[in-house]
Amino acid sequence: MIRVTDLHKRYGRTHAVKGVSFEVNRGEIVGLLGHNGAGKSTVMKIITGYLEPGEGSVTVGGLDVISDRIGVQRLIGYMPESSPLYPEMLVQEYLLMMAELRGVPGDQQETAVLDAVRATGLEAWLLRPISTLSKGYRQRVGLAQAIVHKPDVLVLDEPTSGLDPVQIVEIRALIRRLAENSTVILSTHILSEIEAVCDRAVILIDGVLAADSKLTDLLASNSVRVSLRTGTTGVEPTLASIPGVEAVLPTGADAGNNGYELWTVRCSPASSESSAEPLSAAVIAAAAQAGWSVASVTAETQNLEQVFRDLMSDHIARRSAAESAAAVSGGVSR
């Protein structure tokens, strides 16, 4: 539904988006994740036709965002980070105006507005000035204008920004309902937002695509903890000999089993044992063959915060290495 290919965007000397490529299929809810300044809003503005790419291409529903911008925008419902609401207007007036601007035929505008109002739970606020609404309900109005023309694609930039915990839960539930009829791409720097709403995450770091994966794959554990009787010998060499294992680390005493200590066994993500299930089986087999006393073997849980932190660390390390290499090269050339 959305195809982004080798996208670049510069603002003067700042290279905000650097060769980003990804696709969003029909019916997916994809989270565009990154730190502040990672390039999320720039990518979304290019997808929606509000900015032109410096290099690369973007298509939505097979239409090119540069050569057929209006055609692309007809397919999209867009909610920017700060929704362009008119506080002096009634909710009903504003949504009717947006329906007309979106090209909804005159005889269908009232029905379209009522459908959007029901979907966003705004029935009781139709005749209120937008200025009197809470931040949560203003967000609902922003979502209602984005879906009033029943778009194939919803693009939501920081949809829960500034909301309280109750409002955040309500907006998340609303997005999941809207996704039943539309493809959704939303941007956020709030990690829990992605885990709560999305099927897939596209992660940007300093304008570079750092990861693009289903959440189930991204959060899959590649390490297990094994509880062995204290004083067990040969643990590191035995477990390190398992194919694909990249680290065997002592983790300390096992608080749940007196006289036992914990070891963490981690596989390389590229190995055939990279998920917890085959790794656990391999650890159990090695322990049985060695005759060890094992209290438990459990998969380590992983969350998006850990994944993002690891990606940031890898990115910073690669960037530092590249800068060092460039400095050395420059010194040699002189």
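Here are some exercises on this predicted model, each with a worked solution.

Before you start, note that local features need pLDDT of at least 70, side-chain atom pairs count only at pLDDT 80 or more, and totals for chains, interfaces and linings use all residues. Residues are numbered from 1 along each chain as its sequence is written, and side-chain values use heavy atoms, with hydrogens and water left out.

**Exercise 1: the partners of E1**

How many bridges join E1 to E2, and which residues are bridge partners?

Step 1. E1 and E2 run antiparallel and are joined by eight bridges.

Step 2. Pick out some pairs: Ile2 has Val24 in E2 as its bridge partner, and Tyr11 has Thr14.

Step 3. Check the turn. The hairpin of E1 and E2 has two residues between the strands, and Gly12 there takes a positive phi near 65°.

Step 4. E1 and E4 pair in the antiparallel sense over five bridges, and His8 finds its bridge partner in Glu55 of E4.

**Exercise 2: salt bridges**

Find which residues make up the network of salt bridges that includes Arg200.

Step 1. Know the rule: a salt bridge is a side-chain nitrogen of Lys or Arg within 4 Å of a carboxyl oxygen of Asp or Glu. By this rule the model has 13 salt bridges.

Step 2. Arg3 and Glu23 form a salt bridge at 3.1 Å, N to O. Arg3 sits in strand E1 (residues 2–11) and Glu23 in strand E2 (residues 14–24), 20 residues apart.

Step 3. Go to Arg200. Its side chain meets that of Glu28 in a salt bridge of 2.7 Å, N to O. Arg200 lies in strand E9 (residues 200–205) and Glu28 in the loop between E2 and strand E3 (29–34), so this pair ties together parts 172 residues apart in sequence.

Step 4. Find the second partner. Asp212 also forms a salt bridge with Arg200, with the closest N and O atoms 2.9 Å apart. Asp212 belongs to strand E10 (residues 208–214), twelve residues from Arg200.

Step 5. Buried means under 20% relative accessible area, exposed over 50%, and partly exposed in between (1.4 Å probe, protein chains only). Arg200 is buried at 8%, Glu28 is buried at 13%, and Asp212 is partly exposed at 35%.

**Exercise 3: the faces of H3**

Decide which residues of helix H3 are buried, and why they line one face.

Step 1. In H3 (residues 91–101), the buried residues are Val91, Tyr94, Leu95, Met98 and Ala99.

Step 2. Look down the axis of H3. These buried residues fall within an arc of 135°, so they line one face of the helix. The arc is that of the directions from the helix axis to the C-beta atoms.

Step 3. Check the face turned away from the buried side: it carries the exposed residues Glu100 and Leu101.

Step 4. Ask what covers the buried residues; the cover includes helix H4 (109–120) and helix H5 (135–147).

Key
Helix = DSSP H or I, 4+ residues; strand = E, 2+ residues; numbered from the N terminus. Pairing = 2+ DSSP bridges. Contact = heavy atoms within 4.5 Å.
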